[in-house]
Amino acid sequence: MGGGLRLYNTLTRQLEEFQPLETGKIRFFVCGQTVYDDAHLGHAKAYINFDIVARWLRHLGYTLHYIQNITDIDDKIIIRAKESHKDPTALAREFESRFMEDMEKIGVKKNVDQYPRSHDYIDEIGFQIGLLLKKGYAYLLDGDVYYNVSKFEDYTNLSGMKLEELEKHRIEPKAGKKNPYDFALWKASKEGEPSWKISLDLNGKETILEGRPGWHIEDTAITHAIFGPQYDLHGGAIELIFPHHSNEIAQAEAAFGKKPFVKYWLHAGVLNIKGVKMSKSLRNFIKIRDVLSSYPAETLRLLICSTHYRKEMDYDENLIKNAGRKLSYLYAALGIFYNMREGASNKEGSEQIKKETTLFVDAFTKAMNDDFNTPQALTELTIMINKLREFAETNNEIDAEAKTHALSSILKIADTLGILTNESYKTEISTIAMHLISYRERLRQDKKFGEADTIRERLKNEFKILLEDTEYGTVWYKEQ
Ligand SMILES: [Zn+2]
């Protein structure tokens, strides 16, 4: 099962043959949402990228345990709550439920097994902080706890940066830190902020700290509680490599001694708008829900599949419109094949379709097994659907079984991308109308536009079929 999958591992900076730690089983964690505002298209890209990874792993037959955390304790939540005079937890719950609505609509939520909240892992966080203090990897500073990065040799393995370079990232400035890049595991409570208590055993003496966790330790607390000290796959956006994922490795490997903490690290490229990364801080973001008010979620998925997950992707309105036309064309072309008359007279043609279906499934699989190459998989899918349309236009009938087999194979594998998920291709049209659509397309190719227009009129008046010519081919609709 699952043989042949190769993926790019950020940790080793190369394509590797995928081998889970335990045969047939995969534990997969993706950094989830900090719920202080609505999710934007940059988030949609990352979550759809990893949703396709999850779908593909399950398609290969692996038993996948897929979790995505919800960060519901964070500076940004506290700041937003103060601004809007709300309780931070109430604010987090409100945006969490809006986030879940978005994730459901874009076909992501159903494939995630668990969305654990950082709120529910305070004890585990305390346990990890206690271990890191005991082992000398962390130190107390005015009620805060910091991780002493100079104690952890492999700190730059994931990012490939030099320690001197890290000094430039003056993250979490605070007087008294041992190294400029030391990061907070725990922050002492402040007036007007939510706080929790953790109990630590320091040199045999119970010490209570009141405050809240740093961001990075939420993830290792959740994964340690659910997966244990080591697991297979960790995904996230590329900008999380440093410091977030580097800190996760430092925490987990120092606390539990298992190396590598995660076997494969996958990182998704950012989404740009006019060449600049879409982000909350730059205020150039477009909310997922705003896009979904104008375009079907499937169109957004097709657009995102058109770029390899590791690459940067540009977004503009023309690109999503174009994706919409492509999707309509795929449905319309599939519809032509679906409407083909069934019969036993065309043994040779039916055999040919069966063969083409097998070759297509192999080609699609090869593309996806090559580090989830969705643009190539999409090309294979388009080529196959074009073949089916051409077959329907040049053959009178097909074996019912060959037709069903081709359709079900295509739809099953397209579902790993989350596209071609509705049954609109099943719209029935008569054989005459179907042939008129194809004949008109040939006329257009021969630049006989006058005759093509006559047929368009006839399809509209006689068969109630409307046509739209796209760069991919003609899309047809039944008039409502
Ligand atoms: Zn994370």
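This is a predicted model: local features need pLDDT of at least 70, side-chain atom pairs count only at pLDDT 80 or more; totals for chains, interfaces and linings use all residues.

Biologist: Is Asp219 buried or exposed?

Modeller: A residue counts as buried under 20% relative accessible area. Asp219 has 0% relative accessibility, so Asp219 is buried.

Biologist: And is His244 buried or exposed?

Modeller: The cut-off for buried is again under 20%. His244 has a relative accessible area of 1%, so His244 is buried.

Biologist: Which strands stand at the edges of the open sheet of four strands?

Modeller: The order in this sheet is 4-3-10-11, with parallel pairing. Neighbouring strands are turned by 20° against each other on average, direction ignored. An edge strand has a single partner strand, so one side of it has no neighbour in the sheet; this holds for strand 4 (63-68) and strand 11 (262-268).

Biologist: Which residue in strand 11 is the bridge partner of His234?

Modeller: Strand 10, residues 231-237, runs parallel to strand 11, and six bridges join them. The partner of His234 in strand 11 is Trp265.

Biologist: Which residue in the turn between strand 8 and strand 9 has a positive phi?

Modeller: Strand 8 (residues 196-202) and strand 9 are antiparallel and joined by seven bridges. One of the facing pairs is Ser199 with Ile208. The two strands form a hairpin with two residues between them, and the turn residue with a phi of about 50° is Asn203.

Biologist: Which residue of strand 9 is the bridge partner of Trp186?

Modeller: Strand 7 (residues 183-188) is joined to strand 9 (residues 205-213) by three bridges, and the two run antiparallel. In strand 9, Trp186 is partnered by Pro213.

Biologist: Which are the edge strands of the open sheet of three strands?

Modeller: The order is 13-12-14, with mixed pairing. Strand 12 (residues 271-273) and strand 13 are antiparallel, with two bridges between them, and Ile273 stands opposite Val276. The strands that pair on one side only are strand 13 (276-277) and strand 14 (313-315).

Biologist: Which helix gives the largest share of the lining of the largest cavity?

Modeller: The structure holds two cavities of 30 Å³ or more, and the largest has a volume of about 50 Å³. Its lining includes Asn49, Ile52, Val53, Ile304 and Cys305. By class, the lining has six nonpolar, three polar and no charged residues. The largest share, three residues, comes from helix 1.

Biologist: How many charged residues are in the lining of the second largest cavity?

Modeller: This cavity has a volume of about 40 Å³. Among the residues that line it are Asp72, Asp74, His119 and Trp196, and helix 2 (75-83) and helix 3 (88-105) each supply at least two lining residues. The lining also has six nonpolar and two polar residues, and the charged residues number two.

Biologist: Which element gives the largest share of the lining of the second largest pocket?

Modeller: The second largest pocket has a volume of about 400 Å³. Of its 22 lining residues, the closest to the centre are Ser328, Tyr331, Ser424, Val475 and Tyr477. Helix 9 (297-305), helix 10 (317-338) and strand 18 (474-478) are the elements that give two or more residues to the lining. The largest share, eight residues, comes from helix 10.

Biologist: How many polar residues are in the lining of the second largest pocket?

Modeller: The lining of this pocket divides by class into nonpolar, polar and charged residues. There are 10 nonpolar and three charged residues, and the polar residues number nine.

Note on methods
Residues are numbered from 1 along each chain as its sequence is written. Side-chain values use heavy atoms; hydrogens and water are left out. On a 1 Å grid over the protein atoms alone, a cavity is a set of points where a 1.4 Å probe fits but cannot get out, and a pocket is an open set with protein on both sides within 12 Å along at least five of seven lines; lining residues have an atom within 4 Å of a point. Grid points are joined across faces, edges and corners, and a volume is the space filled by probe spheres set on the points. Ala, Val, Leu, Ile, Met, Phe, Trp, Tyr, Cys and Pro count as nonpolar, Asp, Glu, Lys and Arg as charged, and the others, Gly among them, as polar. Two strands pair if DSSP finds at least two bridges between them. Buried means under 20% relative accessible area, exposed over 50%, partly exposed in between (1.4 Å probe, protein chains only). Axes are lines fitted to C-alpha atoms, for helices over the stretch in contact, and angles run from 0 to 180 degrees between N-to-C directions.
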